[in-house]
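Please prepare a careful report on the architecture of the structure shown here, with its pocket, its cores and one of its helices in turn.

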Amino acid sequence: MIAAVVAGVALAGVAMLLRWLSRGLLPKWIVPVFAGLGMLSYSIWSEYSWFDRMNLALPGIAVSWKNEETAFWRPWSYIEPVTTRFTAVDLKTVQRNPAQPGLVIVDILLAARWQPVTPVKVVYDCQNTRRADLHDASISIADDGSLVGAEWINVGADDAALKIACASG
């Protein structure tokens, strides 16, 4: 919000300078118009660059899904949709047990605009194309490396996060 206001004030200053250089030939209304254009331009830039800025801020991730939205209050989003959230595999957290090489433990990062990034610990079974979320304290890893008490969800061989997790490490 502060950056948008600063952009508006900066462009209003440019408009005032142009009015001064033209010795008042330019109309007074260009000052608020330039201020509004500055704030709107910054807001549009901020929306479209958020996804790229997040990818730079989170090194060592591989994006597995992203949500692109259009909205009537953002008419420019009909030309190119805006990415508002995504999921990514944190490649720095990949763990494998030598006794169970088909199982991979990773953090899946849930990122949404205006929200903090939330990590979710997940185990992927690469051979059976399924996953189990490690959110319950009753889930444990046995001595042989197998998962005990997990609720498996079939995700299919075409699941992007499964492919990334199983190919890493």
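This is a predicted model: local features need pLDDT of at least 70, side-chain atom pairs count only at pLDDT 80 or more; totals for chains, interfaces and linings use all residues.

Of its 13 lining residues, Thr87, Ile108, Tyr124, Arg131 and Ala161 are the closest to the centre. Strand 4 gives the largest share of that lining, three residues, and the elements that give two or more are strand 1, strand 3, strand 4, strand 5 (130–133) and helix 3.

Ile108, Tyr124 and Ala161 also belong to the largest nonpolar core, which has 11 residues (buried Ala, Val, Leu, Ile, Met, Phe, Trp, Tyr and Cys joined through side-chain atoms within 4.5 Å; buried means under 20% relative accessible area with a 1.4 Å probe, protein chains only). Each of strand 2, strand 3, strand 4 and helix 3 supplies at least two residues of this core. A second, separate core of eight residues includes Trp50, Phe86, Leu109 and Ala111.

Trp50 is among the buried residues of helix 2, as are Ser49 and Phe51, and the cover over those buried residues includes the elements tabulated here.

| Element | Residues |
|---|---|
| Helix 1 | 2–21 |
| Strand 1 | 61–69 |
| Strand 2 | 82–97 |
| Strand 3 | 100–112 |

Helix 2 (residues 30–57) reaches 37 Å from its first C-alpha to its last, close to the 40 Å expected at 1.5 Å a residue, although a kink of about 50° is centred on Ser49.

Residues are numbered from 1 along each chain as its sequence is written, and side-chain values use heavy atoms, with hydrogens and water left out. Local features need pLDDT of at least 70 and side-chain atom pairs count only at pLDDT 80 or more, whereas totals for chains, interfaces and linings use all residues.

Definitions and conventions: Helices (H or I, at least four residues) and strands (E, at least two) are DSSP runs, numbered from the N terminus. The expected span of a helix is 1.5 Å times one less than its number of residues. The bend at a residue is the angle between axes fitted to the seven residues ending there and the seven starting there. Buried means under 20% relative accessible area, exposed over 50%, partly exposed in between (1.4 Å probe, protein chains only). Contact means heavy atoms within 4.5 Å. On a 1 Å grid over the protein atoms alone, a cavity is a set of points where a 1.4 Å probe fits but cannot get out, and a pocket is an open set with protein on both sides within 12 Å along at least five of seven lines; lining residues have an atom within 4 Å of a point.
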